[in-house]
Amino acid sequence: MRSLRLMMKEQTPLYIFVAVLFLVGVVFGALIVSALTLDQQQELSDYLGNFFVTVDQQGLPAAPDSYWEIAALNLKWIGLIWILGLSVIGLPGILILDFLKGVLIGFTVGCMVSEYSWHGMLFALVSVAPHNLVLIPVLLVGSAAAIAFSLLMIRSRVLGQRRSPVTRPFVMYTMLSFGLAVLVLGISGFEAWVSPTMMRWVTPMLVPKG
């Protein structure tokens, strides 16, 4: 456990780097909203309108049904990051995933705010923000660990530097990834059971009256 804490402390610069990359993705995603054509904006508006009407009238899927879908999606992010960290050529893929995650969140929040103003912001706060406040740090920690292990493989296997044993770093990297996966299961539970309830509270504000 002490070695794991030491490893995470040594990776602090990587945490900062992936966090900045994620934030750049968020900004980029928000800017994409303003770049949409009028037709695309209309299609997006129609889609959101239909979604909110459906949620208001029929609710959301039952939590037990949606939990495993949400958990599987989140675990795929963790698993893919872990796999990419094992390969030298996977390093760019990790950076792309972090940036893409930021783009998705920035675009989602940007669409809500652009279409529904502060009501959209309120919906984003209850639907996007709560679970992502934990999920995003988990993904960023996993990404930093994956980048660190990938860099270790590059120095050891590609650049021909002194070959230090990779067994111990691999075990710590895998243990960390497994711990993050367990956290993701808990986060997915919040997203499946709690977030839909908060979304239903806000949805009536977004449905046209009459």
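Me: Which helix is Met 121 found in, and is Met 121 buried, partly exposed or exposed?

Reply: Met 121 is found in helix H5, where helices are DSSP runs of H or I with at least four residues, strands are E runs of at least two, and both are numbered from the N terminus. Met 121 has 35% relative accessibility and therefore counts as partly exposed, given that buried means under 20% relative accessible area, exposed over 50%, and partly exposed in between, with a 1.4 Å probe and protein chains only. This is a predicted model, in which local features need pLDDT of at least 70 and side-chain atom pairs count only at pLDDT 80 or more, while totals for chains, interfaces and linings use all residues. Residues are numbered from 1 along each chain as its sequence is written, and side-chain values use heavy atoms, with hydrogens and water left out.

Me: What is the C-alpha separation between Met 121 and Gly 110?

Reply: The C-alpha atoms of Met 121 and Gly 110 are separated by 8.6 Å, although these residues are 11 apart along the chain.

Me: Where is the kink in H5 centred?

Reply: The kink in H5 is about 145° and is centred on Tyr 116; the bend at a residue is the angle between axes fitted to the seven residues ending there and the seven starting there. Helix H5 covers residues 91-127 and spans only 31 Å between its end C-alpha atoms, whereas a straight helix of 37 residues would span 54 Å at 1.5 Å a residue, the expected span being 1.5 Å times one less than the number of residues.

Me: What is phi at Ser 117?

Reply: Phi of Ser 117 is near 55°, which is a positive value in a residue other than glycine. Ser 117 also lies in helix H5, and at 45% relative accessibility Ser 117 counts as partly exposed.

Me: What does UniProt list for "transmembrane region"?

Reply: The UniProt entry, which is unreviewed, lists residues 12-38, 77-97, 104-128, 134-154 and 170-190 under that name; its positions are given in the numbering used here, feature names are shortened, and annotations may be inferred rather than shown by experiment. In the model, residues 104-128 are 96% helix and 0% strand, with end C-alpha atoms 11 Å apart, while residues 12-38 are 89% helix and 0% strand, with end C-alpha atoms 43 Å apart.

Me: Switching to H8, why does Ser 195 count as buried, and what does Ser 195 touch?

Reply: Ser 195 lies in helix H8, residues 195-202, and counts as buried because its relative accessibility is 2%. Not counting residues up to four places away in sequence, Ser 195 touches Val 126, His 131 and Phe 190, where contact means heavy atoms within 4.5 Å.

Me: Which residues of H8 are buried?

Reply: In H8 the buried residues are Ser 195, Pro 196, Met 198, Met 199 and Val 202. Seen down the axis of H8, its buried residues fall within an arc of 160°, so they line one face of the helix; the arc is that of the directions from the helix axis to the C-beta atoms.

Me: Last one: what is the mean pLDDT of the chain?

Reply: The mean pLDDT of the chain is 87, and 91% of its residues reach 70 or more; pLDDT is the predictor's confidence in each residue, from 0 to 100.
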